[in-house]
Amino acid sequence: MNIFNITMQYLKERQKPSVRLLHMAIIVLIVSQIIVSNFMAFNNSGDISSNTVELYGSWLHIITGLFLIPIAVIFLIVELKRHSLKYYFPYLFGEFTQLSSDIRLLLKLKLPDSSDYGVAASVQGLGLGALFLVLFSGLIWFIAWNANLSWANDVEDVHKFVTGFVQAYIIGHGVMGILHVFVYSKSLKGGGDKYH
């Protein structure tokens, strides 16, 4: 069985089809946003560069970002129907029991199972928060830029800054996902109980 099939089997066991589809769509759109942002440019007057690559890169980034907003909102609604806000941010509700247990396992270099109010859920909450900071700041920048507001560049700087949080999240989330799939694949080869 190849790694793609193992990964898809792992996700199928843990996510409903709608969540899996939204999850993958968001990942693809965010990665494309990060790549395309390298081809954006504006001239001194604040207009998009007339260079063909930069013109198309800028508009592709803007249009994809605007398209990502409703997808992310739908994803958030679906996730909050499945889990409460407390699930993603247990520390805001004074719930530290599972977090402490997961952190102790991580300190022993063991991978904790995904559980309610644990590290995995908390990290997912941070990822959702970072995503919405980026989308909100990008939308505010787009509105301010279109209206030629004097503070549009300041919002653009904030947008670029918070994008770093999403980039860090994608790397961290990706590494943790790879580790989980690796452990899962070992359990399949061992013929023992499936990893949960």
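Asn148 is exposed, at a relative accessible area of 68%. In this predicted model, Asn148 sits in the loop between helix 6 and helix 7. The phi of Asn148 is near 55°, a positive value in a residue other than glycine.

Leu109 also has a positive phi, about 60°, and is not a glycine. Most residues other than glycine have a negative phi. Leu109 belongs to the loop between helix 5 and helix 6. How exposed is Leu109? Its relative accessibility is 80%, so Leu109 counts as exposed.

## Overall build

The protein chain holds seven helices and zero strands. Read from the N terminus, the order of elements is α-α-α-α-α-α-α. Along the principal axes, the C-alpha atoms fill a box of roughly 65 × 45 × 30 Å.

The chain has 196 residues. Buried residues account for 35% of them.

## The largest pocket

Rolling a probe the size of a water molecule over the atoms shows where empty space is left. The largest pocket has a volume of about 1,400 Å³. Its lining counts 48 residues. Which of them come closest to the centre? They are Gln15, His23, Gln124, His173 and Gly177.

Several elements give two or more residues to this lining: helix 1 (3-14), helix 2 (17-36), helix 3 (52-82), helix 4 (85-88), helix 5 (97-107), helix 6 (119-146) and helix 7 (152-190). Helix 7 supplies the largest share of the lining of the largest pocket, 14 residues. By class, the lining of the largest pocket splits into 29 nonpolar, 14 polar and five charged residues.

## The second largest pocket

The second largest pocket holds about 750 Å³ of space. Of the 37 residues that line it, Met40, His61, Trp141, Glu156 and His159 are the closest to its centre. Helix 2, helix 3, helix 6 and helix 7 are the elements that give two or more residues to this lining.

Which helix gives the largest share of the lining of the second largest pocket? Helix 6 does, with nine residues. The residues of this lining divide into 20 nonpolar, 15 polar and two charged.

## Salt bridges

How many salt bridges are there? The count is three. The closest N and O atoms of Glu156 and Lys160 are 3.6 Å apart. That is within the 4 Å cut-off, so the pair counts as a salt bridge. Glu156 and Lys160 both lie in helix 7, four residues apart, about one turn of the helix. Glu156 has 17% relative accessibility and so counts as buried. Lys160, in contrast, is exposed, with a relative accessible area of 53%. Glu156 is also among the residues closest to the centre of the second largest pocket.

Glu79 forms a salt bridge with Arg82, with the closest N and O atoms 2.7 Å apart. Both residues lie in helix 3, three residues apart, about one turn of the helix. Is Glu79 buried or exposed? At 6% relative accessibility, Glu79 counts as buried. In the remaining salt bridge, the side chains of Glu13 and Arg14 meet at 3.3 Å, N to O. Glu13 is partly exposed at 31%. Arg14 is partly exposed too, with a relative accessible area of 24%.

## A nonpolar surface patch

Ile27, Val31, Ile35, Phe39 and Val53 make a nonpolar surface patch of about 420 Å². Helix 2 gives the largest share of the patch, three residues.

Val53 is found in helix 3. Why does Val53 count as partly exposed? Its relative accessibility is 49%. Exposed means over 50%, so Val53 stays in the partly exposed class. A patch residue needs over 30% relative accessible area, and Val53 has 49%.

Technical notes:
Residues numbered from 1 in each chain as written. Predicted model: local features only at pLDDT ≥ 70, side-chain atom pairs only at ≥ 80, totals over all residues. Heavy atoms only, no water. 1 Å grid on protein atoms, 1.4 Å probe; cavity = no way out; pocket = protein on both sides within 12 Å on 5 of 7 lines; lining within 4 Å. Points joined across faces, edges and corners; volume = space filled by probe spheres on them. Nonpolar A, V, L, I, M, F, W, Y, C, P; charged D, E, K, R; others polar. Patch = residues over 30% accessible without salt bridge, like charges linked within 9 Å, V, L, I, M, F, W, Y side chains within 5 Å. Areas by Shrake-Rupley, 256 points an atom, 1.4 Å probe, with all protein chains shown as cover. Buried < 20%, exposed > 50% of the residue type's maximum accessible area, 1.4 Å probe, protein only.
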